Amino acid sequence: MHRIWLALLCFLAFAPKLLAQDLVFSTVSREPFSLEISGQDTGFSVDLIQAIGADINKSVVLDRKDSFSAMLGAVQSAEVDGAIANISITA
């Protein structure tokens, strides 16, 4: 019985996020990964995240930031669902 209550509690806690219409991803302008041309978002990273969104039946909204720290800060503060750009693992 406890498992049922736990499962229900988890569902209620995460359902609003799981049922959201759009995925919001933060990005920065860095050619050829993410750029804006004539008001349209384009680039390798943009195409990739839009293809992933289409594959899982979610639309993707990009939140363009001025710096990598602002982009990653938006992820850390849960302002967005994720970040996509030319992100590298460094020390």
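How many bridges join strand S1 (residues 22-28) to S4? There are 7 of them, and the two strands run parallel.

**View 1. The protein chain as a whole.** This is a predicted model, in which local features need pLDDT of at least 70 and side-chain atom pairs count only at pLDDT 80 or more, while totals for chains, interfaces and linings use all residues. Residues are numbered from 1 along each chain as its sequence is written, and side-chain values use heavy atoms, with hydrogens and water left out. The protein chain has 3 helices and 5 strands, which are DSSP runs (H or I over at least four residues for helices, E over at least two for strands) numbered from the N terminus. Along the sequence they follow the pattern α-β-β-β-α-β-α-β.

**View 2. The open sheet.** Here 3 strands lie in the order S4-S1-S5 with parallel pairing, where two strands count as paired if DSSP finds at least two bridges between them. The edge strands, S4 (59-65) and S5 (82-83), each pair on one side only.

View 3. Helix H2 (residues 44-55) lies across S1 and S4 and runs at about 150° to S4, whereas helix H3 (residues 68-76) lies across S1, S4 and S5 and runs at about 155° to S1. These angles, on a scale from 0 to 180 degrees, are taken between N-to-C directions of axes fitted to C-alpha atoms, for helices over the stretch in contact, with contact meaning heavy atoms within 4.5 Å.
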